[in-house]
Amino acid sequence: MQYTINVRGRLVDLSQPMVMGILNATPDSFYSGSRKQTEAEIAERANQIIAEGGRIIDVGAFSTRPGAEVVSVEEETARLKRALQIVHREQPDAIVSVDTYRPLVARRCVEEFGADIINDVSEGGLTGIVGQAIHEEGDMFETVARLGVPYILMSVQPTLEKMMMGFAEEVQRLHSLGAKDIILDPGYGFGKTLEQNYEIMKHSERLLEFGLPVLVGISRKSMIYKLLGGDPTTSLNGTTVLNTIALQKGASILRVHDVKEAVEATRLLQQF
């Protein structure tokens, strides 16, 4: 599929899949290997993502795993400000997304701290931390439209049918507000059982019916190790297998912890 997104006036071509590397400026993300808190750790991770072929650096400062500690708006903003400043210093030409479900935090990250993309795991405010309703000041869809930046809309629905219905309504509302660059994320691991995750992935090519790019984030998630055994640290092989399947079903962006392996998967598939 031929997709482009407008990143601060720069047209980014998604006709060939690209890789988004995860940078978590948190002490409690589910995969311990992704936690980066010191200036040196954040800088090293940003440089690693780009050196290994990643095109987007996704910076988060609030873990959304089940049981995660609630972080205040002030603390999340402070963490993101610091991390984004370091990322821009180290990789000034990189595309940077900010992983937040809070409209006020998203606005400040774009307007003040230089974020290029908003990556929202709440489906516009339906949920925040897994299984918990959220009540945030502002409306994420209105914020995205006003800022004019690409927006990753992630579903928290348990079935593909409900996901498709939700996306149809949400994309229509976003367009009516003036939002243009929308990326769909099926939200593996969010509001779904193990079986539902795989059922959605089995038929995920249907998401292409919207004519929008699709992002897939299954890196080291429990849908892998709950099926195969182990834990996040042993789930790289399973991640690569599922990333390959996601690419075959039309994914344009892979959101991963292990950038090198994901980039290699995209390069190999381009030969077929």
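Okay, a word on the ground rules. This is a predicted model, where local features need pLDDT of at least 70 and side-chain atom pairs count only at pLDDT 80 or more, while totals for chains, interfaces and linings use all residues. Residues are numbered from 1 along each chain as its sequence is written, and side-chain values use heavy atoms, with hydrogens and water left out.

Let's start with the helices. Helices here are DSSP runs of H or I with at least four residues, strands are runs of E with at least two, and both are numbered from the N terminus. H1, residues 39-51, packs on H2, residues 73-90, at about 50°, with the axes 9 Å apart. Those axes are lines fitted to C-alpha atoms over the stretch in contact, and angles run from 0 to 180 degrees between N-to-C directions. So H1 is oblique to H2; under 35 degrees would be roughly parallel, over 145 roughly antiparallel, 65 to 115 roughly perpendicular, and the rest is oblique.

Who touches whom? Contact means heavy atoms within 4.5 Å. From H1 we have Glu39, Ile42, Ala43, Ala46 and Asn47, and they meet Arg82, Ala83, Ile86, Val87, Arg89 and Glu90 of H2. That contact splits into six nonpolar, one polar and four charged residues. For the classes, Ala, Val, Leu, Ile, Met, Phe, Trp, Tyr, Cys and Pro are nonpolar, Asp, Glu, Lys and Arg are charged, and the others, Gly among them, are polar.

On a 1 Å grid over the protein atoms alone, a cavity is a set of points where a 1.4 Å probe fits but cannot get out, a pocket is an open set with protein on both sides within 12 Å along at least five of seven lines, and lining residues have an atom within 4 Å of a point.

The second largest pocket has 15 lining residues, and closest to its centre are Ser15, Pro17, Leu247, Gly250 and Ala251. H8 (236-248) and H9 (259-269) each give at least two residues to that lining. Its classes are seven nonpolar, seven polar and one charged.

The largest cavity's lining includes Pro186, Tyr188, Lys249, Gly250 and Ala251.

Arg8 has a positive phi, near 50°, without being a glycine, and sits in the loop between strands E1 (4-7) and E2 (10-13). Glu123, also not a glycine, has a positive phi of about 55°, in the loop between strand E6 (117-120) and helix H4 (140-147).
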